[in-house]
Amino acid sequence: MMNKTNNPKIELHLHLEGGAPPSLIQQIAKEKNVDISSIFSEDGNYLFRDFTHFLSVYEAATSVLTSPKDFYRLTKAVLEQSAQNGVTYTETFLSPDFCGSANVIAWRDYLAAIEEAATEAKKDWGITMQGIVTCIRHFGPNKAKRAALCAAETAGDFIRGFGMAGAETVGTQGDYACSFDLAREAGLKLTTHAGEWGGAESVRQAIQDLNVERLGHGVQVIDDPALVEEVIDRGITLEVCPSSNVALSIFPHIKSHPIAALREMGVKVTVSTDDPPFFHTTMCREYELLTDAFNWSDADFKELNKTAINAAFCDDETKVRLLKELDTE
Ligand code: HPA
Ligand code: ZN
């Protein structure tokens with residue numbers, strides 16, 4: 001495989017807790033005398049059987065993170081990994097439900113710690129982070145409203161968007177429409193997990209009921225050619241996470257992943273890691289796998305990164321800087 005470390009990379013879909021190195025979670029668990037050994041394999045990796053089990057292992061790992069300081073450490077560890085993989089700009093999903101149970105006052109403290117870590121990471125490693133506040137679908141619409149309120153209260157230079165993660169099998173996208181309306185009215189950009197597990201119908205709901213400009217995954221849209229056309233016409237960008245989809249058995253291997261077919265049809269696709277240590281991946285590995293599977297070249301990755309910058313939720317000044325950096329590479 002080629003070494004893809006030096007390509008500058010733009011990542012639009014990364015769950016902050018999902019980036020937690022297992023060693024950090026084990027260390028924090030030890031410091032707090034909490035036993036979560038059952039979520040780890042003997043070699044120290046996260047261990048899960050399927051998507052539902054993945055979500056419960058994810059939440060067990062996250063349960064040891066109970067203070068702003070823990071989230072400061074987490075953010076530093078995640079951004080260090082990203083920067084080592086050549087990521088220069090990352091949009092990270094932040095969940096108020098895991099940061100003081102979506103209480104706005106507590107959330108402000110957690111967010112201040114995350115932002116402090118992000119500021120240091122930018123200074124030390126040259127990586128820019130922006131936050132997308134994320135509600136969790138299987139926690140239900142009422143909790144989602146609390147997360148949306150946290151998002152609206154802290155919208156600004158750092159918090160740029162609102163989204164939804166979690167089990168797509170629970171309820172409909174439209175059940176969460178008032179949370180998305182609240183976030184939109186606060187000036188936030190919108191994305192939601194759709195078409196990962198939920199099939200093309202979930203993509204249709206996300207577009208019609210939530211009016212999002214990006215889709216987390218979205219890849220199942222491939223089953224509905226008319227909807228693919230609609231995604232293209234509306235200029236919606238997909239946050240595609242190939243190794244995540246393979247690790248969770250949505251596609252059997254990278255060669256059968258629809259990212260290349262969608263791109264050829266004219267859909268705006270980008271590449272991200274989702275939850276890198278859970279899926280044994282990094283941004284470099286994604287680039288290497290795509291190079292091997294689809295023969296993508298540096299020019300293809302440059303185009304992908306341009307698409308990502310154009311779809312990013314940051315301000316125009318940042319976009320101009322990132323585009324310039326990409327061109328002078
Ligand atoms: N899908 C849905 N929800 C998630 C994921 C994912 O891959 N990772 C963390 N929360
Ligand atoms: Zn995700």
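On a 1 Å grid over the protein atoms alone, a pocket is an open set of points where a 1.4 Å probe fits, with protein on both sides within 12 Å along at least five of seven lines, and its lining residues have an atom within 4 Å of a point. Grid points are joined across faces, edges and corners, and a volume is the space filled by probe spheres set on the points.

The model is predicted, so that local features need pLDDT of at least 70 and side-chain atom pairs pLDDT 80 or more, while totals for chains, interfaces and linings use all residues. Residues are numbered from 1 along each chain as its sequence is written, and side-chain values use heavy atoms, without hydrogens and water.

| Pocket | Volume | Lining |
|---|---|---|
| Largest | about 260 Å³ | 14 residues |

Nearest the centre of the largest pocket lie Lys122, Thr128, Met129, Gln130 and Asp157. At least two lining residues each come from helix 4 (104-125), strand 3 (128-136) and helix 13 (316-327), where helices (H or I, at least four residues) and strands (E, at least two) are DSSP runs numbered from the N terminus. Helix 4 contributes the most, four residues. The lining comprises six charged residues (Asp, Glu, Lys, Arg), four nonpolar (Ala, Val, Leu, Ile, Met, Phe, Trp, Tyr, Cys, Pro) and four polar (the others, Gly among them).

Strand 1 (9-15) and helix 3 (68-84) each supply at least two lining residues, and helix 3 gives the most, with three. Eight residues of this lining are nonpolar, seven polar and one charged.

Key:
Chains are lettered from A and ligands numbered from 1 in the order in which they are written.
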